[in-house]
Amino acid sequence: LPIAAFAADVEPFLAGTTRNCAECDLSGRDLQERNFQRSRLDRAVLLVEERGGPRFLPVALHGAVQLTGVEPGASPGDGPWSATLPLMSGGRTTGLLLLGRADGAPLAPADQELAERLAEGAAGIVERGRMSAELAHTRELLARADRLAALGTLAAGVAHDIRNPLVSVRTFIQLLPERLHDEEFRTGFRD
């Protein structure tokens, strides 16, 4: 899954929304700032599984964050974090959502609930991206199998076209010692 494409999908979840709010006439960026100010969050990080690797890498950031990755099961650095929420998909952790207040205080229950919903949404995006990448890989394998099948058919046709004249030549060579003195056989076959 390309990180840039994933980050573009996930950014709305960290921001809370990217659409304009018709009632309050705020842009998506203003809403993001208001959501973070309301919950007193000054830092947020969304980390997802590294493709082909065991680490979680950041794909979306807010605030002053220096985190470059987290090993599964390890405590995330660059803390303290007010909430560390796993992104669960298929019964396994596919990423982390880290939220931090300036004072490191835990989130209020309403903010914790919102953060859990954001983590669930982000996990859905991660799973959708994984399935999309898997589908693309499967399609690539299917196309390769089709090309190999066509190549096999072509090779069989070429082998057949080469083998037919060789069978005639072999038959003549096998019969030649028996009919070496038969002039009609030698000249008839040659013509």
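Student: So, how many aromatic pairs does the structure hold?
Tutor: Zero aromatic pairs. Keep in mind that this is a predicted model.
Student: OK, then what sits over the ring of tryptophan 81?
Tutor: The charged end of arginine 43 does, 4.0 Å from the centre of the ring.
Student: And what is the bridge partner of arginine 43 in S4?
Tutor: Glycine 100. Strand S4 covers residues 92–101 and runs antiparallel to S1, with seven bridges joining the two.
Student: How many residues of S1 are buried?
Tutor: Seven of the nine, so strand S1 (residues 41–49) is mostly covered, where buried means under 20% relative accessible area.
Student: In which sense do S1 and S2 pair?
Tutor: Antiparallel, over six bridges, with S2 spanning residues 56–62.
Student: Switching topic: which residues form a nonpolar patch on the surface?
Tutor: Leu148, Leu151, Leu154, Val158, Ile162 and Leu166, with about 580 Å² of accessible area together.
Student: Where is isoleucine 162 placed?
Tutor: In helix H3, which runs over residues 109–175.
Student: Why does isoleucine 162 count as partly exposed?
Tutor: Because its relative accessibility is 48%, and partly exposed lies between the 20% limit for buried and the 50% limit for exposed.

Technical notes. Residues are numbered from 1 along each chain as its sequence is written. This is a predicted model: local features need pLDDT of at least 70, side-chain atom pairs count only at pLDDT 80 or more; totals for chains, interfaces and linings use all residues. Side-chain values use heavy atoms; hydrogens and water are left out. Patches are made of residues with over 30% relative accessible area and no salt bridge: like charges are joined within 9 Å, nonpolar side chains (Val, Leu, Ile, Met, Phe, Trp, Tyr) within 5 Å. Accessible areas come from the Shrake-Rupley method with a 1.4 Å probe; for residues, only the protein chains shown count as cover. A salt bridge is a side-chain nitrogen of Lys or Arg within 4 Å of a carboxyl oxygen of Asp or Glu. Helices (H or I, at least four residues) and strands (E, at least two) are DSSP runs, numbered from the N terminus. Buried means under 20% relative accessible area, exposed over 50%, partly exposed in between (1.4 Å probe, protein chains only). Rings of Phe, Tyr and Trp (its six-membered ring) pair if their centres lie within 6.5 Å; planes under 30 degrees apart count as stacked, over 60 as edge-to-face and the rest as tilted. A charge sits over a ring if NZ of Lys or CZ of Arg is within 6 Å of the ring centre and within 35 degrees of the ring normal. Two strands pair if DSSP finds at least two bridges between them.
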